[in-house]
Amino acid sequence: MHKISLKDWIILLTILPTTIIGISLASYFSYNYYNQLNDFLSTQSKSIIEPIAIASATPIAKKDRESLRHLIGFVHRSHSSIIKSIAVFTQDNQVFVTSAYHGDINFMRIGAGKSIPQTTQMQEFDDFIVFRTPIIDESDQLINTTDGINNNANDAGQWHKSLGYIAMQIDKSKLKFNQQNKVFVAFILVFIGAIISAIFSLKLIQNVTRPISSMVHAIDRIREGKLESRVSGQLVGELNFLKSGINSMAQSLGDYHGEMQRSIDQATIDLRESLEQFEIQNVQLDIAKRKAQDANKVKSEFLANMSHELRTPLNGVIGFTRQVLKTPLTETQRDYLQTIEGSAYNLLTIINDILDFSKLDAGKMIIESIPFSLRDSIDEALTLIAPSAHNKNLEFSVRISEQLPDSLIGDAMRIKQVLVNLTSNAIKFTEQGSVTVDIDAEHVDQQTSVIKITVTDTGIGISAEQQKTIFEAFSQADKSVTRLYGGTGLGLVISQHLAKEMHGDIGFFSEEKGGSTFWFTFQCDVNLLPIDTSLDVKELAGKRVLYFEPKTHSRIATSEIMASWKMKVHPVTQLDQLTTLLAQDTPDQPLPYDCALISHDISPAAINTLKALINTIKAKIPIIHLIINSNSPNLQEALIASGAQGCLSTPVTPKKLAKTLLPNKYYQEPNKQIEHNVPIKVLAVDDNEANLKLIKALLLEQVSEVVVATNGKQAVDLCQTEKYALIYMDIQMPVMDGISAFKIIKESSLNADTPVIAVTAHALSEEREQLLNHGFTNCMTKPIDETMLRHTIYEYCDLDLYMPPSFDNASANTTSASVFSNNNFQGIIDWTLALERAGNKPDLAKEMLNGLLESLPEIKEKVTVAIADHNSDDLKVIIHKLNGACCYSGVPNLANISLLIETSLKKGAKITDLEPEFFEFFEHIECLLTQADAILAEVLT
């Protein structure tokens, strides 16, 4: 759209209004003058013709043409400027006399059929106007009027007598000329006014727009950076003010520009100096960074070395303590050794806390995602620390919400670590009262679960001032706490970091001397291939239980478990109520309970009271189960001997309660010790004499021969001359370290194919990964666990070497006939095949089967993780190991599907293409795990 300039606006606002007003006025006055001329002409014509008509009445009545001609001729001559012709017509419309004898006068005659007008009439033509007026006989009119009054004439036309009419032609040319002349003069004046207005407009444009244009050009030059530009010339009024403002603005901009330029120059100088300082600081920071990295590396090496140096003697202390505990001992000696073992484990816990804190500080803590059973993990963690609560005679109970999913994917070890830490602290700082654990779900959907664990105690509490530093490293609520209760002050810091790493949080609320409540949340994925850990308690549905429990939290938690099993629970809170209820039993109306569940605190003074209570109840309710705050086997056996059928220790969990209420279904004999060592030769290498002696003692319980070496050089020399079934290699040793010895053994020795297990006290995960990357078959962390040692022997040794020198076939046949007489295991276990693969050695076959069943949950978790990660390489390794174990364990169905999956993976098949095979694979594992307890019970009998 075109923008109107100031010049255009001046023109529009000056010339155009003037022109419009002038034209309007000229038109108005011309129109009025035109009408005035017409009115004047009409009035003048009437003033001429009407007197002539009056004067012509007598001559026309007397037929006096001459006098009438003389009359109209005089009038014509007197008004010749406007009159062109005058004619007198008789009553019969004939010309009587005319003032003009040339020209056509017919247009002056009244048209045929029309009557003579009674008044003066006007008829206009283009160039002239014709006026007509009647000639009336005045005397006759008076007579007729008198007669009319007297005689009441019937017709109005009888009032007067018309003698004829006069017609007068008026010329309009002069009138038109005058009108046109006036219009012309008016518009000439309008034009002259417009010209004058234009002249003033141009003058105004010159006085306004030219200065403004010069100002615009000056502003454009200023905008282009020519700050020296100014507006010149003499201006008046507001334009002069505008000129002064623009010049002042230009001056200010120039000053600002100069000042800014000076500031830029100064800033540039300062920036150069700063950059130089930054370069110096960067160099210093780089040097400091390298020093920090070196210090961090030294710290990591120090932690690794300290872990090794501390774990190495602890390995000997714990290991030999366990060995001595296996020998016949007096109660005092056993108590001393158990104290030594507990102290060693406490020291090991402190070391683990420091290592965990260093990992968290370095950001190297890895949260794993492994399938696990939530309730089993809680059971394991609380069972571990229950003796501490028992020793203080505290109420120790756990309540798990029934809505919580059990099969989850997460880091069960870290969850247990936080739970153990919070619960241990609660027990540590509580001298009397209770420590309760509540586990609920904050959010549960088909994919994820957010779980909240709350630990509440009635201990010493925390003051408001102490609460501010409770989550600081190496700090406790009070310095005296360390002296009274011990501890490093790292537990809560580690728990806080772990909770956040698991996408959760941790918090507490507490009052001094009023107890504390600590809680933490964590997020886990719901396992889409759930682990079947459900308890078969259908037999308990409808059973009526008399439940005596004075403690509120324990009563609610245990009642909820039994109610979820559809049992009918009658809770009793007071001993008086229990006595009153038992007194209601009569032969005619016995008490309607299938069993009694009695909770009672254990103390030296309370044992006799409990035994008496058992005897009282047993007379009324034959089946009695006890809940006590002690896990002492001797005490439990004594109470069972007093009449109780079952006895379990707090905290009560579903699994414990199910095993107590259904002893026949969940009873499992302890594993029998291996009667014969595996006939293989194993090499153990360690520079620490105590550790070497311990690992040799542990291995001699498993294998027939153990050869030892004190450094890597001796191990290399031994491997050059003899073949071993398995090698246990320490890493940090004098003369030659374990990694160097391993490389030489693998490159040039008789043991290039022998599995080598790294035995190290390094607890950092990256150390383990480095060892596995070097090629070690597996890695064991000190202190050595006997179960793990047994697994490595059976997992990595060539089982063909297990054949004993001789075997009694008759014994094998007898064993084969006696084992698995239950038809429920047909199609799951092939005992004949297991004996055949074990060289007809029943004990070895049982051990192999037991080892497989124990390893299945872990294998299932690893396979699930590998499938979820689409990691074909890990999956090949896991399935290959499982396939090898199945070949010697008599599980043909699982062996066949494992072999099929392994073969398909080696041929390049994708994991997604093997989905049906994996469904079958997990189904066979579930069958074995479901029947595991029954299988092991029958195998080990």
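This is a predicted model: local features need pLDDT of at least 70, side-chain atom pairs count only at pLDDT 80 or more; totals for chains, interfaces and linings use all residues.
Mentor: Among contacts between residues at least 6 apart in sequence, 70% join residues at least 24 apart.

Trainee: How many helices and strands does the protein chain have, and what share of its residues is buried?

Mentor: The secondary structure comes to 30 helices and 22 strands. The protein chain has 941 residues, and the buried share of them is 43%.

Trainee: Let's turn to H15. What span should its 15 residues have, and how far apart are its end C-alpha atoms?

Mentor: Helix H15 covers residues 606–620, and at 1.5 Å a residue it should span 21 Å.

Trainee: Which residues of H15 are buried, and why do they line one face of the helix?

Mentor: The buried ones are Ala606, Leu610, Leu613, Ile614 and Ile617. Looking down the axis of H15, these buried residues fall within an arc of 110 degrees, so they line one face. The arc you need to remember is 110 degrees.

Trainee: Which exposed residues does the face turned away from the buried side carry?

Mentor: Exposed here means over 50% relative accessible area. On the face of H15 turned away from its buried side, the exposed residues are Asn608 and Ala619.

Trainee: What covers the buried residues of H15?

Mentor: The cover includes two strands, E15 (595–600) and E16 (624–628). It also includes two helices, H16 (633–641) and H14 (575–583).

Trainee: How do H14 and H15 cross, and which residues make the contact?

Mentor: Their axes come within 10 Å and cross at roughly 35 degrees, and the crossing is left-handed. H14 contributes Leu575, Leu578 and Leu582, while H15 contributes Leu613, Thr616, Ile617 and Lys620. By type, the residues of this contact divide into five nonpolar, one polar and one charged.

Trainee: Now Ile506: is this residue buried or exposed?

Mentor: Ile506 belongs to strand E11, residues 506–510. Buried means under 20% relative accessible area. Ile506 has 7%, so this residue is buried.

Trainee: Leaving aside neighbours within four places in sequence, which residues is Ile506 in contact with?

Mentor: A contact needs heavy atoms within 4.5 Å. With those sequence neighbours left aside, the partners of Ile506 are Leu422, Phe471, Ser495, Gln496, Ala499, Trp519 and Phe520.

Key: Residues are numbered from 1 along each chain as its sequence is written. Side-chain values use heavy atoms; hydrogens and water are left out. Helices (H or I, at least four residues) and strands (E, at least two) are DSSP runs, numbered from the N terminus. The expected span of a helix is 1.5 Å times one less than its number of residues. Buried means under 20% relative accessible area, exposed over 50%, partly exposed in between (1.4 Å probe, protein chains only). The arc is that of the directions from the helix axis to the C-beta atoms. Axes are lines fitted to C-alpha atoms, for helices over the stretch in contact, and angles run from 0 to 180 degrees between N-to-C directions. A crossing is left-handed if the near helix is turned anticlockwise from the far one by less than a right angle, and right-handed if clockwise. Ala, Val, Leu, Ile, Met, Phe, Trp, Tyr, Cys and Pro count as nonpolar, Asp, Glu, Lys and Arg as charged, and the others, Gly among them, as polar.
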